[in-house]
Amino acid sequence: MKKELIAMILAGGQGSRLGALTDTMAKPAVPYGSRYRIIDFPLSNCVNSGIDTVGVLTQYQPLALNTYVGNGHPWDLDRNNGGAFILPPYQHSKGSDWYKNTANAIYQNIPFIDNFDPDYVLILSGDHIYKMNYAKLLEYHIAKGADATIAVYEVTKEEARRFGIMTSDENGRIVKFEEKPAKPESTQASMGIYMFNWPLLKKELAEDEADAASSHDFGKNVIPKLLAEGRQVFSYPFQGYWKDVGTIESLWESNMDIIDRPRDIDLQDDSWRIYSRNPVKPAHYIAPGAKVRGSALTDGCVIYGSVHHSILSHSVVVEAGAVVEDSVLMPGVVVRRGACLKKVIVGMETIIGENDQIGGEENKEHPYYNKKICSESITLINGGLILKPDISVPGNCMVSMAQTVAESDQIIERCENIPAV
Amino acid sequence: MIRNTCGLILADDKRIHMGDLTRPRALSAVPFGGRYRIIDFALSNMVNSGILTIAVSTFNKYKSLMDHLGTGSAWDLDRKSQGLYILPPYISSESYTGRGDDLSGIISFFREIKQEYIIVSSASCILNTTYDELMAYHRDKNADISVMYNRDGYKAEAPVTILDMTRSGRVKGVYENPLNPVSNRNSLGVMLMRRELFVEILGEAMSRGTTEVNPEFYVKEFDRYAIYGYEYKGCALRINSTQAYFDATLRALSEPTRTDVFWQKQPVFTKVKDEAPAIYSEDCEVRDSMISDGCYIQGSVKHSMLFRNVSVGNKAKLTNCIIFQDTQIADGCELENVIIDKKCVIRPGIKLIGQAAYPVVIGKGAIV
């Protein structure tokens, strides 16, 4: 059945800058903000914007994401007509292909999109935290008579060097696009949100696929080609909270924004609810001796110790005498008696041993010190680990199960499988 | 897992009145434990036992209950075959007299389905279990009807149904609210029998003019049928008065009751609300309390149960309180031994002090 607009969420990327967190799950499936996964944001935005057909393109470690999205029920995307569709790469009659890049992923799903015969296709990435009404973006796109519209976000000159930067004329028409410019001409960064007229995009994708020199990427190839052809490509300025949670530092910051800048992201907003798959757990319990301040908690947590300025996902247990500060604990984490966490991100189901001291001062000599993934003294403890008691891990370290656990390992007792959801 | 069994939940009990709490809703639709309604426990027990056809009967005030149950998807009961069925009073004649008609919907439903057994459950007891052992007991005793009870008969307030039993476990007498109980065996309102027997007894009772089913009504047939009592040894919280509700909630905050009721290996399912996480401010103080998603806490909360989306203002002090969803408690309020229903607003500085043996109840939507 014909749809005016459908959305395609690119959720296949690894997100390698999140280090060990994405060892077993794609970035969009990473838990965020106490009771969400990153992909809840684009999915909820779609539903709240009236988009009822959403393709989720998966490739890298899809189990967690597939299980999480399921039939789309938590987002009201279990529909008879439309709904949520998980779209993995598949085998063709002539061989099979992984998704080579963003544009190629959409190219491979042209038959899926054609099923709905849409006028417009919205391309989203599954790794940003923001609330946006895509219906307004579509209105803008139609009013401008655009071939393509790219949502842009105002960043500082400094930040501009890390983004794809758009230069627009006074009507909002994009005249120049530069990927990570050394000397940015403007401060309008691409948010990775593209609205296309489907017939045009379909043609462009076919041409891009035929171009052997192309790397089949929207930002690198498709958009520059549209500009070169002189197409009507407009920028849509977005105001409001927006964060790319692609690095450990930005993931930590964005989590802290929930308690530090609660009005900005405004998760309480009734008119724009962020939906998620709810765990079946009782309300959380704060024991008589516990101390919880400046934090966000959700169902199933049991707190006997002290929690300050931290984000706890469901079913986290903090035992008596344990101290959790400036930290992000993902679902099912247990912090044993007397342990102390400072500025730590702990992955799902990990058990922090008794009297462990994690985070704090940096020590560049420490075997787990990691300056590639971690920064700002944030320590990352991967999911599924059981840590030995009485150990200490300084700041800016990454403890991961990718490293095999040697007999002599001073820190990890053993690893367990992380459940998909 | 028990097979070939259907369920009937009696969502209301005409003998139980809880004032403001049951004025807008059926007993089983009364919120409990931060994110549940009382009926969630009976429903989850059936679902966790493998029962896939569950009927819920109610005689009035169904709106709140039906809002909550919806299509039954939260309990995985939105199915093509089987699933959740709501049986409101079935009015067969144009001049509704209320006599017997309430039950004709129930009887025709259970006449037509195929399951061999039925579990009938009242919704006034909160317990978290599965019915496998009850079924095993039923078969072992070759019973016509098996009824679950526990031994807090003497302590419990009315209404209670006390069972007199032989040494072999057969029921030989039933007493409602006795002055001098013959035993401490107090029915939990859960019974198991063959579906055909259920239809037969109900049909006969209807022909004699009965207008309501309560589980105890079956137990009274002890002369004609082999009725056996099955002792439930886990924790059960009886909700038969406002005071009992208040005590049960506060008791559920502490161990071992908290684990017995909420943290069994089988979960308690409920309708989800997609609230934001609960936010604790820098100055708040929370002790010995259960807090639900969507709460925003600035003041002090002790030994209390907060449902979803409750806000507690600066310097507000709550002790032994039960606050239902969407209620706002403004700055500087002082509340002790208080139950506040949904969507109330307590204005700044208000002081409400109840007694542990007589809590203050504020009805739904009140502005104090």
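**Charges over rings**

In this predicted model, the charged end of K343(A) is placed over the ring of W252(A), 4.7 Å from the ring centre, where a charge sits over a ring if NZ of Lys or CZ of Arg is within 6 Å of the ring centre and within 35 degrees of the ring normal. Because the model is predicted, local features need pLDDT of at least 70 and side-chain atom pairs count only at pLDDT 80 or more, whereas totals for chains, interfaces and linings use all residues. Side-chain values use heavy atoms, with hydrogens and water left out.

**Aromatic rings**

- Over all chains there are 27 aromatic pairs, counted for rings of Phe, Tyr and Trp (its six-membered ring) with centres within 6.5 Å, planes under 30 degrees apart being stacked, over 60 edge-to-face and the rest tilted.
- Y130(A) and F238(A) form an edge-to-face pair, since their ring centres are 6.3 Å apart and their planes stand at 85°.
- Y130(A) is buried at 0% relative accessibility and F238(A) is buried at 10% (buried: under 20% relative accessible area, exposed: over 50%, partly exposed in between, 1.4 Å probe, protein chains only).

**Interface of chains A and B**

- In contact (heavy atoms within 4.5 Å) are 33 residues of chain B and 37 residues of chain A.
- The count between chain B and chain A is 3 salt bridges, each a side-chain nitrogen of Lys or Arg within 4 Å of a carboxyl oxygen of Asp or Glu.
- R273(A) forms a salt bridge with E275(B), with the closest N and O atoms 4.0 Å apart.

Definitions and conventions. Residues are numbered from 1 along each chain as its sequence is written. Chains are lettered from A and ligands numbered from 1 in the order in which they are written.
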